[in-house]
Structures are given as C-alpha cells and as structure tokens.
Protein chains: 2
Amino acid sequence: MTEQTQAARRPTRQRAAIAQALTGTVEFRSAQEIHSSMAGDGTRVGLATVYRNLQAMAADGEVDVIRTADGEAVYRSCATDDHHHHVVCRSCGLAVEVTGDAVERWAEAVAAEHGFTQVRHTVEIDGLCAECAARR
Amino acid sequence: MTEQTQAARRPTRQRAAIAQALTGTVEFRSAQEIHSSMAGDGTRVGLATVYRNLQAMAADGEVDVIRTADGEAVYRSCATDDHHHHVVCRSCGLAVEVTGDAVERWAEAVAAEHGFTQVRHTVEIDGLCAECAARR
DNA sequence: GCGCTTCATGACAACGATTCTCATTCGGGA
DNA sequence: TCCCGAATGAGAATCGTTGTCATGAAGCGC
C-alpha cells in the first residue's frame with residue numbers, strides 16, 4: 001500500500017550534499033541547521049530543497065525524524081535500517097540508537113488488549129549523557 | 001529545580017471554562033479546536049488565553065500534551081495523575097490511558113546502560129480502534 | 001553529441017500554529 | 001470598598017514549514 005516509494009528519484013548534487021551533511025553526525029539536527037551548516041561549508045542549496053529532500057529521505061527510511069519538545073522536526077541518518085529508538089542527551093544532543101524487543105512486544109500487547117490494530121509506536125528517551133552530567 | 005509550579009494561580013472564568021471544555025473528552029484536541037469549540041458554546045475566550053492556560057495546566061500536570069505527527073500540540077485531561085501513556089486511534093482520535101511498568105523499567109535500564117541520567121521518556125502508541133477497524 | 005521531456009531546484013510568497021505586546025479588566029486581600 | 005498585581009484579549013509578530021512558478025539539469029532516444 002505505501003510501497004513503491006523511491007520509485008524514480010533523480011540523483012542530484014543537492015541531494016548528495018544533504019546526505020553528506022547528515023553522515024557522521026550523532027546529533028539530530030533541524031532542517032534549518034543542516035541548511036546553514038551546508039551554507040557554512042560553501043554549499044549553496046535552497047532551504048525548500050533541504051526540506052523536500054529531508055522529507056523524501058525520511059519517507060524512504062534513509063533518515064530518522066523525531067520532533068523536539070517544541071514541535072520542530074529534527075533529522076539524523078541512522079546506522080541501522082532496522083526499527084530502533086533513541087536515547088538523546090538533552091544537553092549536547094548526542095543520540096544513541098537502541099533496540100528493545102521488550103518495548104515492541106509491550107506496545108503490541110497493550111494495543112491488542114484494547115482492541116487496537118495496525119499499531120505503530122513512538123518511543124524516545126532523553127536524559128543527560130555521562131559527559132554532560134559530569135560537566136555540571 | 002522545576003518545582004514550585006502552581007505557586008499562585010488565580011481562578012478565573014476563562015480558566016474554568018477551559019478546564020470544563022477538556023473534561024469528558026476522550027480525544028486529544030488542539031488549542032485551536034478547544035478554542036473554537038468553546039466559541040461554539042457561546043463562551044468567548046481569547047485564543048492566547050487558551051494557549052496560556054493549556055500550557056500552565058500542562059506544566060502543573062493537570063492535562064497531558066502530546067504532539068501529532070505534524071507537530072501540532074494536542075491536549076487532554078487525564079483520569080489519573082500518575083505517570084501513564086496513551087494508545088490513540090489514528091482514525092477517530094479515541095485515546096485510552098495505559099500504564100506499563102515494563103516500559104518504565106526498560107527505559108531506565110537502557111538509559112543507564114549508556115550512562116544517561118535524569119531520564120525522561122515519551123511513549124505513544126497509535127493504531128486503529130476496534131470500532132474504526134470494523135467500519136472499513 | 002543533440003534535442004526533448006520531465007523532474008528537481010531556488011527564490012520568495014504564503015501559511016498556520018504559537019508567542020509576544022500592551023492596554024484593559026478582574027480577583028482578592030487590606 | 002479600594003488598590004495592586006495577575007490574567008485577559010486583540011492583534012501584531014515569529015518561526016518552522018509548505019506552496020508556487022520560472023529556470024536549470026538529468027535521462028533518454030536518435
């Protein structure tokens with residue numbers, strides 16, 4: 001039903017640059033941050049293009065998106081293609097990928113218990129990473 | 001640090017009206033929806049006031065807030081004061097409160113494992129409720 | 001290599017949710 | 001009842017994000 005995504009996606013300089021800007025980062029960053037960081041590197045790409053590509057990549061599962069507390073969308077390219085979650089540092093933004101069969105099963109069970117089907121879930125954990133905690 | 005919230009909150013007609021509008025609803029609703037639903041009932045309250053009160057109530061834990069996929073904040077007054085999560089119907093918005101020691105423990109454990117402290121977490125489950133699923 | 005057709009891009013306007021500003025109103029204690 | 005400060009309301013201002021549309025670059029058949 002929602003298959004056939006990456007049908008015809010044309011490889012462009014901009015798309016590559018965005019993917020490039022995303023690799024090697026362990027923090028989640030907003031479209032705007034990515035845009036200006038690219039601008040800082042001398043790569044001129046339109047803001048709208050950044051948004052479009054980021055969304056497309058997210059739809060294809062190439063990158064992960066989560067929402068910050070104030071509703072801003074932040075992106076990051078993840079190491080695994082598999083379903084996973086994140087533990088994010090509130091202070092420095094460091095994000096660690098984690099998997100947890102326990103949660104997956106719990107979510108399924110709880111949903112089923114209430115008669116829900118076609119279940120999806122969101123699980124994000126945030127706190128202070130060891131480094132930031134020590135720095136206080 | 002973030003204590004001492006409900007210090008001095010003055011009870012006003014508007015505040016009561018908003019609380020009123022929230023009770024007896026099992027769906028999460030946006031500030032705008034609440035505002036216009038109140039307007040429909042003949043209760044005139046400024047939109048800014050709705051936002052302010054909703055935020056204050058959320059800060060006091062009187063209501064729960066979650067973000068929809070497109071980043072909009074939606075509110076609902078919950079039955080329990082205790083920490084809990086929700087299973088939300090994507091189709092009709094029905095929201096059921098659930099608790100899960102399993103998740104809480106998992107979150108703590110996973111975070112600790114990576115050296116994180118002062119951990120908080122977000123867990124939301126969405127799917128189709130039995131009724132909506134049958135209706136298809 | 002040469003056009004052509006089509007999709008992607010970029011600049012900027014438009015939008016929608018939320019927040020801010022500031023004059024006015026109202027609640028509550030003196 | 002009077003006064004002070006908190007709460008409100010109207011509308012402007014913000015800010016992230018999306019839409020518009022003319023221009024530019026890819027892919028493809030020749």
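Analyst: Two strands count as paired here if DSSP finds at least two bridges between them. The model is a predicted one. On that basis, an open sheet of 6 strands runs in the order S5(A)-S4(A)-S6(A)-S6(B)-S4(B)-S5(B), and its pairing is mixed. Its edge strands are S5 (95-98) of chain A and S5 (95-98) of chain B, each of which pairs on one side only. Neighbouring strands of the sheet are turned by 20 degrees against each other on average, direction ignored. Within chain A, strand S4 (residues 85-89) pairs with S5(A) in the antiparallel sense over 4 bridges, and Val87(A) stands opposite Val96(A) in S5(A).

The helix to look at is H4 of chain A, residues 101-113. H4(A) lies across S4 and S6 (117-128) of chain A, and also across S4 (85-89), S5 and S6 (117-128) of chain B. The helix runs at about 45 degrees to S6(B). H4(A) has 13 residues and reaches 18 Å from its first C-alpha to its last, close to the 18 Å expected at 1.5 Å a residue.

Which residues of H4(A) are buried? They are Val103(A), Glu104(A), Trp106(A), Ala107(A), Val110(A) and Ala111(A). Seen down the axis of H4(A), these buried residues fall within an arc of 165 degrees, so they line one face of the helix. An α-helix has 3.6 residues a turn, so residues three or four places apart point the same way. The cover over the buried residues of H4(A) includes S4 and S6 of chain A, together with S4, S5, helix H4 (101-113) and S6 of chain B.

The face of H4(A) turned away from the buried side carries the exposed residues Asp101(A), Arg105(A), Ala112(A) and Glu113(A). Asp101(A) has a relative accessible area of 56%, and exposed means over 50%, so Asp101(A) is classed as exposed. Asp101(A) and His84(A) are 17 residues apart in sequence and 9.5 Å apart in space, C-alpha to C-alpha. After H4(A) comes Gly115(A), whose phi is positive, near 80 degrees.

As for the setting, chain A holds 5 helices and 6 strands, which run α-β-α-α-β-β-β-β-α-β-α from the N terminus on. Of the 136 residues in chain A, 40% are buried. Among contacts in chain A between residues at least 6 apart in sequence, 51% join residues at least 24 apart.

Key
Residues are numbered from 1 along each chain as its sequence is written. Chains are lettered from A and ligands numbered from 1 in the order in which they are written. This is a predicted model: local features need pLDDT of at least 70, side-chain atom pairs count only at pLDDT 80 or more; totals for chains, interfaces and linings use all residues. Side-chain values use heavy atoms; hydrogens and water are left out. Helices (H or I, at least four residues) and strands (E, at least two) are DSSP runs, numbered from the N terminus. Axes are lines fitted to C-alpha atoms, for helices over the stretch in contact, and angles run from 0 to 180 degrees between N-to-C directions. Contact means heavy atoms within 4.5 Å. The expected span of a helix is 1.5 Å times one less than its number of residues. Buried means under 20% relative accessible area, exposed over 50%, partly exposed in between (1.4 Å probe, protein chains only). The arc is that of the directions from the helix axis to the C-beta atoms.
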